[in-house]
There are 2 protein chains.
Amino acid sequence: MIIGIDIGGTSSKIGLVDQGRVIATKRIITTGHADEFAFADALAESVRELITENGQPATAIGIGAPNANQLTGIIEMAPNLPWKNDVPLAKMVEERTGIRSVLGNDANAAALGEWRYGAGQGLKDLLLVTLGTGVGSGFIVNGQLVLGSAGNAGELGHMTIVIDGRVCTCDRKGCLEAYVSIRGLRQTYLELDGDPEVLKGEGVHCIAVAAAAGDAAALQTFRHAARWLGVGLANAVAVTGPARVVLFGGISRSGDLLMLPLQERFQELLLNIYHGRVDLVTSALPDDDAAILGAAALTTM
Amino acid sequence: MIIGIDIGGTSSKIGLVDQGRVIATKRIITTGHADEFAFADALAESVRELITENGQPATAIGIGAPNANQLTGIIEMAPNLPWKNDVPLAKMVEERTGIRSVLGNDANAAALGEWRYGAGQGLKDLLLVTLGTGVGSGFIVNGQLVLGSAGNAGELGHMTIVIDGRVCTCDRKGCLEAYVSIRGLRQTYLELDGDPEVLKGEGVHCIAVAAAAGDAAALQTFRHAARWLGVGLANAVAVTGPARVVLFGGISRSGDLLMLPLQERFQELLLNIYHGRVDLVTSALPDDDAAILGAAALTTM
């Protein structure tokens, strides 16, 4: 039995994982605690409850979080979490539970989850890209997760794809994330003279609904996103040569609206030596479980 | 004793390597042989001569070549070599010499050479970029050369850095190679209204000479190259997070003309989490030996 914890900007999920299946979960809020110590107390309490309620001891805890550095076990300056300082969450949870705890970047966790239990099973070289509030990535190379020399590799979302392009949340310009995150697609829709009323709806779903109703700017928004994302994915393939690219997260569930133009652009943009050697698919894991499974997979590295 | 062979478009060098030092070399032409079999015969003959003349048996042969696939041992459709078909050179040399032979991409060989014997010693994560007729790259990740699922990873030169930009030799548009290869810099110089007389000189050296004499277009050419290369390098760092980037090949020896603006652009373009965690240097190996040492290093993988 392994515990997988997925730390989100609003809430955090704690799950008990048995051989690749999530058998029980709890959820706590991420915001609203007095400080990071109170949050760690609440996490530890949920872990104890899960174990007690299911009558099974857990051998390890894996925690996936934004801006987490796996080499140090620290969440570093996360813009979307309540704590602006460095939070050594692996150590804090381990001290409170007595169970070995591993912290990793949420996109890396998703990559491991997909690799162990989902669309990446059996592959030596894999790329997973998360498309949501941000754009994250996890690279598996030669059967190992790429961490980089400082534990912070795999930031495909901050690859420059348009020199001097849109300003990104990282204060640099032209990042992939500025174009193919939720915020990026909404900005594109406005730049294409889309109807501001449509954007009163949530996330990217509202643009997808408009596209389905024939809104030309909405359709065009997905075609533009496909083009930018195609460049980013083809660029990543040219670096690590994966056998498969897996898309994960909210935007990846836009169906044919995104995937039809994306498959076309991706093939077009790939260097010829990769043709027929890499495919592009969406996640094979149920959404609610994927992040927990990925976090659990961090413990087996 | 290991034999290192560097296959170039015009000539090929064969060297005897002892503990990281090249102790004797031969050179044969690459073009002008009847076919690839006659070329392999000539290579094998040089290998035998080197061994006989130095009175030392060799345990392995490493061969670095453009468009070589290390997983298959085959040179695949190399545009700059005389043979347009697939050439299984590792097997051909091994059959003719009786010595275990390994073939690898020339940029990967250079990365291994720099890692074992040059500016990358002791690092777990390294990126080497060759700047010359083409732009090649070799990535070391977690102490291993990145080959990719099909043996052809590490094509940073064909990362798209300008969407719908210059046409590249690969028939795609906007590749890094179209901007920072010899051909790319010469094209930039012309686009900046440089003096066509200057380009009657060789390679990029003629532009460097003009820059040293105060030619504004020539100076600007290097500044533009620094900007495009800065984008490509920062993008690569965001994928694999190396501790060091090493530049290799003719253009990298342009000194401050390139390196001063490049260091500035590179730092500016790096995502903040990599600041202070990655440096950018030029090769520490003597030019004539680097390719042979790299090829020799292929045998120790």
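Tutor: Two residues are in contact if their C-beta atoms, placed from the backbone, lie within 7 Å. This is a predicted model: local features need pLDDT of at least 70, side-chain atom pairs count only at pLDDT 80 or more, and totals for chains, interfaces and linings use all residues. Residues are numbered from 1 along each chain as its sequence is written, while chains are lettered from A and ligands numbered from 1 in the order in which they are written.

Student: Which residues does Leu185(B) touch, not counting residues up to four places away in sequence?

Tutor: Leu185(B) sits in helix H5 (residues 182-191) of chain B. Helices (H or I, at least four residues) and strands (E, at least two) are DSSP runs, numbered from the N terminus. Beyond four places in sequence, the residues touched by Leu185(B) are Val180(B), Val204(B), Ile207(B), Thr221(B), Ala225(B) and Ile251(B).

Student: Is Leu185(B) buried or exposed?

Tutor: A residue is buried if 20 or more other C-beta atoms lie within 10 Å of its own, exposed if 12 or fewer, and partly exposed in between, with C-beta atoms placed from the backbone. Leu185(B) has 25 C-beta neighbours inside 10 Å, so it counts as buried.

Student: How far apart in space are Leu185(B) and Ile140(B), C-alpha to C-alpha?

Tutor: In sequence, 45 residues separate Leu185(B) and Ile140(B). In space, C-alpha to C-alpha, the separation is 28 Å.

Student: What radius of gyration does chain A have?

Tutor: The radius is taken over C-alpha atoms, and the globule rule is 2.2 Å times the number of residues to the power 0.38. For 301 residues a compact globule would come near 19 Å. Chain A agrees, at 19 Å.

Student: What percentage of the residues in chain A is buried?

Tutor: Chain A holds nine helices and 12 strands. Its C-alpha trace spans about 55 × 45 × 35 Å along the principal axes. Of its 301 residues, the buried share is 54%.

Student: Which helix gives the most to the side of domain 1 of chain A that touches domain 2 of chain A?

Tutor: An automatic or database domain assignment sets the bounds: domain 1 (2-109 + 288-300) and domain 2 (122-284) of chain A. Their C-alpha centres lie 27 Å apart. Across the boundary, 10 residues of domain 1 are in contact with 15 residues of domain 2. On the domain 1 side, three residues come from the top contributor, helix H3 (residues 106-117) of chain A.

Student: Which strands of chain A stand at the edges of the five-stranded open sheet?

Tutor: Two strands pair if DSSP finds at least two bridges between them. The open sheet runs E10-E9-E8-E11-E12 (chain A), with mixed pairing. Each edge strand has a single partner strand, so one side of each lacks a neighbour in the sheet; these are strand E10 (144-145) and strand E12 (279-282) of chain A.

Student: In E10(A), which residue is the bridge partner of Val141(A)?

Tutor: Strand E9 (residues 135-141) of chain A pairs with E10(A) in the antiparallel sense, over two bridges. Val141(A) is bridged there to Gln144(A).

Student: Which elements of chain A do the buried residues of H2(A) pack against?

Tutor: Helix H2 (residues 89-97) of chain A buries Leu89(A), Ala90(A), Met92(A), Val93(A) and Glu94(A). The helix is followed by Gly98(A), whose phi is positive, near 75°. The buried residues pack against helix H1 (36-54), strand E4 (60-65), strand E6 (74-75) and strand E7 (101-105) of chain A.

Student: Which residue stands opposite Asp18(B) in E3(B)?

Tutor: Strand E2 (residues 11-18) of chain B has six of its eight residues buried, so it is largely enclosed by the rest of the structure. E2(B) pairs with strand E3 (residues 21-29) of chain B in the antiparallel sense over eight bridges. The two form a hairpin with two residues between them, and Gln19(B) in the turn has a positive phi of about 45°. Opposite Asp18(B) stands Arg21(B).

Student: Which element gives the largest share of the side of chain B that touches chain A?

Tutor: The contact takes 37 residues from chain B and 37 residues from chain A. Elements giving two or more residues to the chain B side are strand E9 (135-141) and helix H7 (216-240) of chain B. The largest share, seven residues, comes from H7(B).
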